[in-house]
Amino acid sequence: MDKIADKFKIETTEEEINGHIAQMAIQRKVRPERLKEEMQRDGSLAQFKQQVREQKCVAKLLETAKITEVDAPAPKPHDHKHEHPKHHKKPAEKTAKKQRNREKAPG
C-alpha cells in the first residue's frame, strides 16, 4: 500500500484525520478531543493515520480501475463416471428388492 500511496501521491491531512476521529467520537459518544488524546497516549493514532491512508489508496484504485466485463465460461457437462461412490444413490426399487432378498435368505 505504501508503494501505491507514493505512486498516487496520497497523503492524509490533519483535517482528514480529525474528521475521521470526530466520526468515531460520535459513534462512541465521547468528545473528539478526548478520543484523539487517548489515541495519542495508547499509540493507536499512528496506526489510525495509516488506516485512513490505506482507505484513500483503495478508493483511488477503485476510481482508476478499468473494468472489463467478460462472459462467464459455459458450465461443463456433469460427468457421472468420476463421482465419488458415496454420492451415488441407488434407485428405491433396487434397494427394496435387495432388502426382500435378505429377508428371504436362510440365515
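Lys36 touches Glu14, Asn18, Ile21 and Leu45, leaving aside residues up to four places away in sequence; contact here means heavy atoms within 4.5 Å. The model is a predicted one, in which local features need pLDDT of at least 70 and side-chain atom pairs count only at pLDDT 80 or more, while totals for chains, interfaces and linings use all residues. Residues are numbered from 1 along each chain as its sequence is written, and side-chain values use heavy atoms, with hydrogens and water left out.

### Exercise 1: Get your bearings

Task: Find how many helices and strands the protein chain has.

Solution: 
- Start with the rule: helices (H or I, at least four residues) and strands (E, at least two) are DSSP runs, numbered from the N terminus.
- The protein chain has five helices and zero strands.
- Along the sequence this reads α-α-α-α-α.
- Of the contacts with a separation of 6 or more, 66% join residues 24 or more positions apart.

### Exercise 2: Read the two sides of helix 3

Task: Work out which residues of helix 3 are buried and which exposed residues lie on the face turned away from them.

Solution: 
- Helix 3 spans residues 32-42, and its buried residues are Leu35, Lys36 and Met39.
- Looking down the axis of helix 3, these buried residues fall within an arc of 95°, so they line one face of the helix. The arc is that of the directions from the helix axis to the C-beta atoms.
- An α-helix has 3.6 residues a turn, so residues three or four places apart point the same way.
- Arg34 and Arg41 are exposed residues on the face turned away from the buried side.
- The buried residues of helix 3 pack against helix 2 (14-28) and helix 4 (44-64).

### Exercise 3: Describe the meeting of helix 2 and helix 3

Task: Find the angle at which the axes of helix 2 and helix 3 cross, and list the residues that make the contact.

Solution: 
- Axes are lines fitted to C-alpha atoms, for helices over the stretch in contact, and angles run from 0 to 180 degrees between N-to-C directions.
- The two axes come within 8 Å and cross at roughly 110°.
- Helix 2 contributes Glu14, Asn18, Ile21, Ala22, Met24, Ala25 and Arg28, and helix 3 contributes Pro32, Leu35, Lys36 and Met39.

### Exercise 4: Look at two loop lysines

Task: Find where Lys9 and Lys29 lie, and what their phi values are.

Solution: 
- Most residues other than glycine have a negative phi.
- Lys9 lies in the loop between helix 1 (2-7) and helix 2, and its phi is positive, about 55°.
- Lys9 is exposed, with a relative accessible area of 71%.
- Lys29 lies in the loop between helix 2 and helix 3, and its phi is also positive, near 60°.
- Lys29 counts as exposed at 75% relative accessibility.

Technical notes: Buried means under 20% relative accessible area, exposed over 50%, partly exposed in between (1.4 Å probe, protein chains only).
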